[in-house]
Amino acid sequence: MPLSLNPDRAGQAGALTVLTPIAPGAEPALRAYLEGLRAGPSPLSRLPRTHFGRWVIVPDLVAEDEREPTRLESPQLLFTASFDGPLDAYLDELCRVLAAEAREIWGRCTGVPSPPEGAALKAYLRAHHQRTGYFVAAYPQAAVDEVRAALSQRDAVIAFARAAQEMDPAALQAAFHERLGG
Amino acid sequence: MAIAEAPSPGPLTATGTDPRNVDGQAICITVFSAVKWWGRPWLPLVFLYARLVPSSTGTLARLSFIHFARWTLVRRLPEQRLRHPQLFFESNFNGGWEEYIDAFSHILTRGMTVFWGSSYGFPKPLPTGRFKAYIKRHELVASHFYSAYPEATTTIVLSALELDEKLRAFRARTKGMDPEAFARAWQAFLTEVQGCL
């Protein structure tokens, strides 16, 4: 794991954690909207630098044995992403590309600018960003497109290795250059 | 005493978690726990130490099923005062929920105590039954979870990245070889990368 003094970073990967208060009465509709996103491609797939992302509704906090447990005054919407590159550029992209979804999601939160888009939405998300304490990444230097390319290439190598078993040396070399480059 | 429960989870999948926490092979876990007064100064020191001394969390890095994970101490929310700070933990991993918590309990026993020891009600990582019940009580189901490469496990991603590096080297060292030498090099390459395939 490379040394990183910025707690929101691990290598080139960044951690974004945003907690925003859900407007009174808006939780059921927000939950229905978010759960409905499973029916199609995730909107996060349109942010090509997102490795993983989630929206989670926090209805309240669970207490154990504390004397005065904290109760949330309003349920919170948690959004997190593990992404490539600088946070600023990622938020710019999110606010631009997910403008329609942002209206349905953060538009149901308290204090959000109207309309919830562009620079105003970015400022809102930044203001509600929770700084990470400790962030762990298994492959901190690999961007999403690099991971995907490496996975495709691995499939290609496996397929080629099978196909090449019976090839003579000249055919093997020619096929390798054709299918795996070099 | 639980003052609030997350909405009832749906039926568990073969992975041992709610289907909403699953995207392909990827599983997410989301946990909040209230932190005792001494966790407020303690946890930032733990996080700092973990960042400055990467070898201190080497075991965590070697758990081959975690893509990304994070711990955050939530001290305040903009619109409300928190009587107790909250420790937020999330992980993006593959495998099964039970196996994941088992690995945390058995392999990272001391580490789990360091991270969660200041949380109210933390039962110690072992025996795992009580620890799993604790995590279940504090876990939230995602309303939407996304992975950019849902069918790839962490091990496959790491293997693919290693293979990419070795394939580049192979291309470079076989450039200009005659076919017979290339065929021998290819066989040696397959042996070298068999763990990545």
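**A strand covered on both faces**

Analyst: Let us begin with S4(A), which is covered on both faces: Gln76(A), Leu78(A), Thr80(A), Ser82(A) and Asp84(A) are buried on one side, and Leu77(A), Phe79(A), Ala81(A) and Phe83(A) are buried on the other. Please keep in mind that this is a predicted model.

User: Which strands run alongside S4(A)?
Analyst: Strand S2 of chain A (residues 13-21) is joined to S4(A) by 9 bridges, and the two run antiparallel. Strand S3 of chain A (residues 50-58) is also antiparallel to S4(A), with 8 bridges.

User: Which residues stand opposite Leu77(A)?
Analyst: Thr20(A) stands opposite Leu77(A). Ile57(A) also has Leu77(A) as its bridge partner.

User: What is the order of the strands in the open sheet?
Analyst: The order is S1(A)-S2(A)-S4(A)-S3(A)-S5(B), which makes 5 strands with antiparallel pairing.

User: How many bridges hold S3(A) and S5(B) together?
Analyst: There are 4 bridges between S3(A) and S5(B), in the antiparallel sense. One pair to look for is Arg54(A), whose bridge partner in S5(B) is Phe145(B).

User: Changing topic: what about the helices? Which residues of helix H1 of chain A are buried?
Analyst: In that helix, residues 27-36, the buried ones are Leu30(A), Arg31(A) and Leu34(A). Viewed down the axis of H1(A), they fall within an arc of 100°, so they line one face of the helix. Pro28(A), Ala32(A) and Gly36(A), on the other side, are exposed.

User: And what covers the buried residues of H1(A)?
Analyst: The cover includes S3, S4 and helix H3 (99-105) of chain A, together with strand S5 (144-147) of chain B.

User: How does the length of helix H1 of chain B work out?
Analyst: It has 14 residues (39-52), which at 1.5 Å a residue should span 20 Å; the end C-alpha atoms are 19 Å apart, which agrees.

User: Which residues of H1(B) are buried, and which are exposed?
Analyst: Gly39(B), Leu43(B), Val46(B), Phe47(B), Ala50(B) and Arg51(B) are buried. They cover an arc of only 130° around the axis, which places them on the same side of H1(B). On the other side, Pro41(B), Leu45(B) and Leu52(B) are exposed.

User: What do those buried residues pack against?
Analyst: The buried residues of H1(B) pack against strand S5 (134-137) of chain A, along with strand S3 (66-74), strand S4 (86-94) and helix H4 (109-116) of chain B.

User: Which residues have the most contacts inside the largest nonpolar core?
Analyst: That core has 100 residues, and those with the most contacts inside it are Trp55(A), Leu77(A), Val136(A), Ala137(A), Leu87(B) and Val157(B).

User: What is Trp55(A) in contact with?
Analyst: Beyond its neighbours within four places in sequence, the contacts of Trp55(A) include Leu34(A), Leu77(A) and Phe79(A) from chain A, and Ala142(B), Ser143(B) and His144(B) from chain B.

User: Finally, how far apart are the centres of the two domains of chain A?
Analyst: The C-alpha centres of domain 1 and domain 2 of chain A lie 41 Å apart. The assignment places domain 1 at 9-127 and domain 2 at 144-180.

Terms used: Residues numbered from 1 in each chain as written. Chains lettered and ligands numbered in written order. Predicted model: local features only at pLDDT ≥ 70, side-chain atom pairs only at ≥ 80, totals over all residues. Buried ≥ 20, exposed ≤ 12 C-beta atoms within 10 Å, placed from the backbone. Pairing = 2+ DSSP bridges. Domains from an automatic or database assignment. Expected span 1.5 Å × (residues − 1). Arc of directions from axis to C-beta. Contact = placed C-beta atoms within 7 Å. Core = buried A, V, L, I, M, F, W, Y, C linked by C-beta atoms within 7 Å.
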